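Q: I would like a close look at one part of the chain shown below. Please begin with what the record says about it and then go on to its surroundings.

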Amino acid sequence: MLLKDLKKIFHNELDAIYGENEVRSLFFILIESYFGISRLELALQPELAITTNEHPKIMEALSQLKSQYPIQYILKETEFYGFPFKVTANTLIPRPETEELVTWVYDSVKAFATKTEHPKLVDIGTGSGCIAISLAKLLPKAQVSAIDVSKAALQVAKQNAKRNNVKINFIEASVLEPQPEVFSEGLDIIVSNPPYVRELEKQEMKPNVLDNEPHLALFVENDNALQFYTAIIDFSKLHLKENGLLFFEINESLGQEMIALLKENDFTDIELRKDMFGKDRMIKGVKS
Ligand code: GLN
């Protein structure tokens, strides 16, 4: 089949769902990734064709896109902070807001590094490992650990660390359960993007997220929305050094509750920040 005819099929089937421009880029991304044919090559050789062997693969991707299955899961691949990451249905697809959290941690640690040459940092609920691995790339002197309760997610995170050439100490554990004394020397930085979407907010979510991304990484009970934050603060009481930094990605509707929670627990220099969409999305505190 000629690729230009395949492209017509993509537009016929998908334009109503994604819009013409988005379908054009989805098509080019797939052709490049599956067949190694670039957009330029395709423009220069309008008669390029795929073989009957290749046909089922691309038609399968078309039908997945029709049911709004995310392109990142179709390709098992995405980018975060410019680094390549494998993603599977056991890991969230990294969000651009989370890149902003990484930038904030990076800037703060650079200022902080005058005090500690090899800051110890842990990422709690690491998923694909995107936060921990990006920070390890950006801060080569840091000693980075990453915790997750999901064995399947940790397997993906380990592959991502290897692929990005960084050494991370991965730990399979739930922060909701009492922690073994794994950080006896004390931590300088804790960062976490835990589950924070309340069940009552489910109906506001896009179907592609709700139907495909791991609920374990997304949802909390309505009346226990800060459960992970409370547990991580308890963890920080044991493991974060005095003047150590705590960073959270948060539910946009719970900024004030998060400020109160950090205050109650004697954190100082509390700062709430908005993401690129203008929503309260991240918070920082210093352990007193
Ligand atoms: N920001 C993500 C979303 O909107 C949720 C991430 C999380 O729960 N930690 O889907």
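Which feature does UniProt place at residues 28-75?

A: The model is predicted; local features need pLDDT of at least 70 and side-chain atom pairs count only at pLDDT 80 or more, while totals for chains, interfaces and linings use all residues. Residues are numbered from 1 along each chain as its sequence is written, and side-chain values use heavy atoms, without hydrogens or water.

For residues 28-75, UniProt gives "domain: Release factor glutamine methyltransferase N-terminal", in an unreviewed entry. UniProt annotations may be inferred rather than shown by experiment. This stretch is 65% helix and 0% strand, with its end C-alpha atoms 13 Å apart. Helices (H or I, at least four residues) and strands (E, at least two) are DSSP runs, numbered from the N terminus.

An automatic or database domain assignment divides the chain into domain 1 (3-67) and domain 2 (78-287). Taken over C-alpha atoms, the centres of the two domains are 36 Å apart.

Elsewhere in the chain, seven strands make an open, mixed sheet in the order β5-β4-β3-β6-β9-β11-β10; pairing requires at least two DSSP bridges between two strands. β5 (169-172) and β10 (267-274) each have a single partner strand, so one side of each lacks a neighbour in the sheet. β3 (120-124) and β6 (187-192) pair in the parallel sense over four bridges, and L121 has I189 of β6 as its bridge partner. Helix α12 (255-264) packs on the sheet, where it touches β9, β10 and β11, at about 165 degrees to β10. Such angles run from 0 to 180 degrees between N-to-C directions of axes fitted to C-alpha atoms, for helices over the stretch in contact.

P194 lies in the loop between β6 and β7 (197-198) and is buried, at 5% relative accessible area. Buried means under 20% (1.4 Å probe, protein chains only). Beyond four places in sequence, P194 touches A217, F228, Y229, I232 and E249, contact being heavy atoms within 4.5 Å. Y196 is in the loop between β6 and β7 and is buried at 12%; its contacts beyond four places include Y229, E249 and R281.

Conventions:
Buried < 20%, exposed > 50% of the residue type's maximum accessible area, 1.4 Å probe, protein only.
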